Amino acid sequence: MTVKVQAENFDLAQEMALLTDDDKSVGAVVSFVGLVRDLHAGEKIQSLILEHYPGMTEKALESIEYEAKSRWQLRQCMIIHRIGQLKPQDQIVLVLVSSAHRSEAFKACEFIMDYLKTQAPFWKKEITEKGERWVDARLSDDEAHARWQ
Amino acid sequence: MNLNILYFARVKELINLSGEELIVPAEVDTIVKLKVYLAQRGGVWTELFNGKQLIRAAVNQTLVSDNATIKKEDEVAFFPPVTGG
């Protein structure tokens with residue numbers, strides 16, 4: 001299990017190599033990479049500032065990984081979430097899941113993202129031409145989380 | 001009893017405070033009672049903690065519901081619904 005909260009960018013190929021690391025039982029790796037969009041609620045985003053709750057963030061992400069591993073037969077999980085200031089098109093989050101077969105890895109990857117969106121203490125603030133604003137939580141994210149319960 | 005309280009994101013900005021050591025009466029022993037206690041400070045505190053806005057809470061870095069109990073020396077955090085990912 002690996003959880004990283006960092007300002008630096010990440011490299012998918014490099015992280016995937018670390019995840020599989022000579023494990024010949026792995027038959028599937030599913031990855032999700034979240035990117036910063038340039039438009040939200042009709043307004044152009046200049047940049048995004050990611051705030052988090054140091055300590056709780058790591059605990060929450062580890063607990064989400066643990067839950068995923070208890071539900072599906074997985075080999076490894078990795079979550080990287082960036083913090084600080086990001087620009088449109090920047091990578092913001094990476095979830096990597098490896099398993100023997102694809103079905104478990106697909107489901108677990110989606111599960112981890114749905115939980116992360118609603119349970120991990122990150123907050124986005126958008127910088128637009130009109131000023132700054134905190135992003136509101138979305139009902140659709142709560143619904144996506146609820147279907148796993 | 002003494003509590004270590006932390007505030008994040010929009011909550012932190014509105015009250016202009018990232019955290020405080022607070023001594024509360026012993027009967028303030030749940031999140032909902034602590035919210036009522038903080039709402040009594042008036043102004044923006046009332047707006048945030050009078051129950052009309054959805055403010056989430058964590059006790060010792062675990063997300064909890066409003067009826068969760070709190071005890072002395074707990075780390076209690078208040079923040080808006082999360083928006084990561």
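1. Basis. In this predicted model, local features need pLDDT of at least 70 and side-chain atom pairs count only at pLDDT 80 or more, while totals for chains, interfaces and linings use all residues. Residues are numbered from 1 along each chain as its sequence is written, chains are lettered from A and ligands numbered from 1 in the order in which they are written, and side-chain values use heavy atoms, with hydrogens and water left out.

2. The sheet. In chain A, four strands build an open sheet of mixed pairing, ordered S1-S5-S7-S2. Strands (E, at least two residues) and helices (H or I, at least four) are DSSP runs numbered from the N terminus, and two strands pair if DSSP finds at least two bridges between them. S1 (2–6) and S2 of chain A are the edge strands, each with a single partner, so one side of each has no neighbour in the sheet. S1(A) and S5(A) run parallel and are joined by five bridges; Gln6(A) stands opposite Arg82(A) of S5(A).

3. Helices across the sheet. Helix H1 (residues 12–20) of chain A lies across S1, S2, S5 and S7 of chain A, at about 30° to S7(A). H2(A) lies across S1 and S5 of chain A, at about 150° to S1(A). Such angles run from 0 to 180 degrees between N-to-C directions, with axes fitted to C-alpha atoms, for helices over the stretch in contact.

4. The largest nonpolar core. A nonpolar core is a set of buried Ala, Val, Leu, Ile, Met, Phe, Trp, Tyr and Cys residues joined through side-chain atoms within 4.5 Å; buried means under 20% relative accessible area (1.4 Å probe, protein chains only). The largest has 30 residues, and Leu61(A), Val97(A) and Ile112(A) have the most contacts inside it. H3(A) gives the most to this core, eight residues. Leaving aside residues up to four places away in sequence, Ile112(A) touches Ile64(A), Ala68(A), Cys77(A), Ile79(A), Val95(A) and Val97(A), contact being heavy atoms within 4.5 Å. Another core lies apart from this one and has 22 residues, including Ile5(B) and Tyr7(B).

5. The largest pocket. Its volume is about 660 Å³. A pocket is an open set of points on a 1 Å grid where a 1.4 Å probe fits, with protein on both sides within 12 Å along at least five of seven lines; lining residues have an atom within 4 Å of a point. Of the 32 lining residues, Lys117(A), Lys124(A), Asp141(A), Gly84(B) and Gly85(B) lie nearest the centre. H3(A) supplies the largest share of this lining, five residues.

Notes: Buried < 20%, exposed > 50% of the residue type's maximum accessible area, 1.4 Å probe, protein only. Points joined across faces, edges and corners; volume = space filled by probe spheres on them.
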